[in-house]
Amino acid sequence: MPAVRKPPVLILCGGRGTRLRERTTEIPKALVEIGAMPILWHVIQIYAAQGFESFLLLTGYKGEMIESWAAAEDWPENVSVECLDTGEDTPTGGRIKLAEDWVGGAAFCATYSDGVADIALEKLLDHHADRGGVATMTVVRPELQFGLANINGDSRVTGFEEKPKLESWINGGFFCFEPPAFDYMTTESVLEREPLERLAGDGQLVAFEHRGFWDCMDTYKDSVVLNDLWASGDPPWRVW
């Protein structure tokens, strides 16, 4: 029996990356490098290594640089990477809404161009199918930036906890969507606000708990950490 074709993947690449302005005044955030390759390449590799073949990069700020990079990259023969200019100031949900015609009435995946994980995407797809929601969002528990001081009732510090994991879950990207998800979005939508909130309110947003490695490149410090992990020779998100 032939393998079932994986859904297409939309990757949000249009933001300005203002918290990484040390790098993003010259290049878009998606092209900031980990090792010798843009973080966007790493994100695509996570999917491609697990059988995904069709990618649409939703560009905006300095999108022509991303388009030039994608056109020049030597992708595997079965991998297709296209770009859609969704405008410099379009919010995340609006960028996905503008890809509706390209998706063509099919289920699809979506993620951010700045987050990497050792996520098992087949398990994500199975979880999405089993739960029957319109959307599934991968949730993660990242390490806190700072260590914690443990204090007793007598105001004595009893010890320290170095960068524990957050007890609550946050949005980690790596989404699955069914076509009705587009009905929750407009070109003015911020995905993380009204669309996801309405999906949750309607009982149509499923959580996929990822307990392995996850990190995003939000600041210069994050880029240093990810580059150090890559330089170690065994970066935890390298599933290829």
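The sulfur of Cys-13 lies 7.4 Å from the closest cysteine sulfur, that of Cys-83, which is too far for a bond. A search of the whole structure finds zero disulfides (pairs of cysteine sulfur atoms within 2.5 Å). This is a predicted model, in which local features need pLDDT of at least 70, side-chain atom pairs count only at pLDDT 80 or more, and totals for chains, interfaces and linings use all residues. Residues are numbered from 1 along each chain as its sequence is written, and side-chain values use heavy atoms, with hydrogens and water left out.

**Cysteines**

- Cys-13 is buried, at 3% relative accessible area. Buried means under 20%, exposed means over 50%, and partly exposed is in between (1.4 Å probe, protein chains only).
- For Cys-216, the closest cysteine sulfur is in Cys-13, 15 Å away, so the pair is too far apart for a bond.

**Helix α8**

- Helices (H or I, at least four residues) and strands (E, at least two) are DSSP runs, numbered from the N terminus.
- Helix α8 covers residues 220-231, twelve residues in all. The expected span is 1.5 Å times one less than the number of residues.
- That gives 16 Å for α8, and its end C-alpha atoms are 16 Å apart, so the two values agree.
- Which residues of α8 are buried? They are Asp-222, Ser-223 and Leu-226.
- What covers the buried residues of α8? The cover includes β2 (33-34), α2 (39-48), β7 (115-117) and β14 (214-216). Contact here means heavy atoms within 4.5 Å.
- Gly-233 follows α8 and has a positive phi, near 90 degrees.

- Lys-62 is not a glycine, yet its phi is positive, about 50 degrees.
- Lys-62 is in the loop between β4 (54-59) and α3 (63-72). Its relative accessibility is 21%, so Lys-62 counts as partly exposed.
- Phe-174 is another residue other than glycine with a positive phi, near 50 degrees.
- Where is Phe-174 placed? Phe-174 is in the loop between β11 (170-171) and β12 (175-177).
- Phe-174 has 1% relative accessibility and therefore counts as buried.
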